[in-house]
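Here is a short briefing on the two ligand sites of one model. Have the sequence and the structure open as you read.

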Amino acid sequence: MEGGGKAEFSFANGGVPAVVSPRGRLPPIQTSRSISFKKTKDGEDRDGNDGICHDDSTPPVKAQTIDELHSLQKKRSAPTTPVKDGQGAPFATISDEERQRLQLLSISASLASLTRETGPKLVKGDPARKADTPKISAVHHHYFTPTISVSDSALKFTHVLYNLSPAELYEQAIKYEKGSFITSAGALATLSGAKTGRAPRDKRVVFDETTAEELWWGKGSPNIEMDEHTFLVNRERAVDYLNSLDKVFVNDQFLNWDPVHQIKVRIVSARAYHSLFMHNMCIRPTPEELENFGTPDFTIYNAGQFPCNRYTHYMTSSTSVDLNLARKEMVILGTQYAGEMKKGLFSLMHYLMPKRQILSLHSGCNMGKDGNVALFFGLSGTGKTTLSTDHNRLLIGDDEHCWSDNGVSNIEGGCYAKCIDLSKEKEPDIWNAIKFGTVLENVVLEEHTREVDYSDKSVTENTRAAYPIEFIPNAKIPCVGPHPRNVILLACDAFGVLPPVSKLSLSQTMYHFISGYTALVAGTEEGVKEPQATFSACFGAAFIMLHPTRYAAMLAEKMQRYGATGWLVNTGWSGGRYGVGSRIKLAYTRKIIDAIHSGSLLTANYKKTEVFGLDIPTEIEGVPSEILDPMNTWQDKAAYRETLLKLAGLFRKNFEILQLAVLGEAGDAAGAVPLGEKPAMLPTDFYAAASEIEGEGSLRTSLPLQEEGYDLK
Ligand SMILES: Nc1ncnc2c1ncn2[C@@H]1O[C@H](COP(=O)(O)OP(=O)(O)O)[C@@H](O)[C@H]1O
Ligand SMILES: C=C(OP(=O)(O)O)C(=O)O
Ligand SMILES: [Ca+2]
Ligand SMILES: [Mn+2]
């Protein structure tokens, strides 16, 4: 393939194509002198030289040897912010060397085996660089005075690549990780390996005295239990794997833009891909903040290249993602999909924040220039990222937020956009964010030009771009805002029966929030025609830690207190179900969202739909009125009503299951009384909103209480 179809040039002459004579024959060979210099008429070179060939007239390079030349290439920049001295700064008023030593000591403690006597010997820098190989003072963290048995790992050094820059991580990826390429736009294309999505069934949470009381367990809960001992077995496996490597990547970063409730996280991983992904997705510390980082609040050990041992208790596959709240640690084995880290931390926040009376939200968030904030809830693929990235508004975040008494704050420092069928015309801001620094997962690129084909699903349909939020031109930095005015629930209804937009009462909002409905088409495989309904409580059942009513009650209370309006927006099908109708045009959905933001939809004329009892507007600027009532768009009205009743039946069925869990009739009373409190109270008419919905309760959901995810078998 290489060079195929291209004009042939000879590059023998230092990169300048040799000139080919008009008849296609090479011109006669000339001396370098006659090529380099045009002679003046008196026989001398133009620059007055005497005929000795000089390469150029610039002064010579300031190095005596090649090594010296290379050493000149890199300089060490001074920190841009002075290191604070005095109160609270643990590393203040100490030397650079001492600070480095303490940093390595902290990392060594993080990486310490729990069964052996020492932590690993660590040294900073790339093992490939001779200059980075230690002579004497590497950090060796001693837990006990070493006795007779010292393991082999105590004899070797592990190099730590600490908070590398994107450029350095590019180099590491390209040198050492197969499948890494720089795309024509400058992004780093990479492969996540066998897993191209999250594996919710392999996610486990340590069950202990505290979590037994506090968390939601049992039917419908995403929290699959494991015991402390098994966690330690997996932790040891991950740590041993990481310590067996020549080098590990360590990221020290933050979660949550609310400074009062910021969490310090450390991510230890074996791939530059993982390090760059988290660099983009978490909040990046300033050099000063990094100097003062201290001990992390939470640590991820990502040994994703290495499988878990299937003989280990509780392990049902080679993949295990384990969360230990008491130890403040997460271990990843057997999956390299980077989204596990992002969403693992989100689970942590779904535990920590409600304890502080802060609501954690699986939602996008943006703000108008006048300060009106909107939240966009929805399961994967429903439009949180696409619709929160709006050229006319400030982006606060695309996926994970907190709502406290002070307003909203983004948990993350980056966005994670779906790329399948991405187009510059429809989503210009996301398109333009894919540039140097962005991680592009599992896309297909043209071999020679390195141009990405966003329509290609050869690796997976779940192709992704992870970029820092400031790559979106109108990002709101810091990513915080006032209390939301609108709460938009997104559903991609592949049945094609939900209206493009409905205004919700508070109890309807709670009902749909707790239901967390979406229906997507299973994929592009042949023969899959039936849309699959998914119900995921709080639009994020895979990430919630407490019972859904706990989050729903907080949302109801906040919406009521701050006067927010709820909306249900169908970003899915219109004019018939999947296969008959088509997906609602993004341009129309954007017009609908504009009307919500501007307040014009609040005062529109409404009519009530049958079965779901939704209030739908009769007119919206820029949207054809006939599509606002889905019944109009179906040719076959009987099929419409049948499908509508079927969907309502799925809702009822799902709600019955949830209600059992709430009331404790499923033998799971503990889950309904989270954090030692009375069952969270919902608005009294909440159940009324549920019972108003007609439907064929006997119909089964194709995926009952499904968690969000891609690797569902
Ligand atoms: N009417 C629509 N509204 C929102 N998204 C749409 C619409 N039609 C097509 N899409 C596509 O659906 C996908 C929505 O995905 P995304 O915004 O990443 O979802 P989420 O962030 O909720 O996981 C995008 O690829 C977008 O281009
Ligand atoms: C990162 C994810 O979120 P979303 O699909 O909602 O963007 C995910 O579900 O893995
Ligand atoms: Ca998601
Ligand atoms: Mn998203």
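**Ligand sites in brief**

A residue counts as near if one of its heavy atoms lies within 4 Å. This is a predicted model: local features need pLDDT of at least 70, side-chain atom pairs count only at pLDDT 80 or more, and totals for chains, interfaces and linings use all residues. Residues are numbered from 1 along each chain as its sequence is written, chains are lettered from A and ligands numbered from 1 in the order in which they are written, and side-chain values use heavy atoms, with hydrogens and water left out.

**Ligand 2**
- A polar side-chain atom of Ser380 sits 2.4 Å from a ligand 2 oxygen (polar contact: a pair of N or O atoms within 3.5 Å).
- The side chain of Arg198 places an N or O atom 2.7 Å from an oxygen of ligand 2.
- For Asp399, the corresponding distance to a ligand 2 oxygen is 3.4 Å.
- Ligand 2 alone exposes 290 Å², and the protein buries 98% of that (Shrake-Rupley method, 1.4 Å probe).

**Ligand 1**
- 16 residues surround ligand 1; Gly381, Lys384, Thr385, Thr386 and Glu427 are the closest.
- Taken alone, ligand 1 exposes 570 Å², of which the protein buries 89%.
- Domain 2 (166-471) and domain 3 (483-691) both contribute shell residues, so ligand 1 lies between them (bounds from an automatic or database domain assignment).

Key. A polar contact is a pair of N or O atoms within 3.5 Å; within protein, one must be able to donate a hydrogen and the other to accept it, and residues adjacent in sequence count only if both atoms are side-chain atoms.
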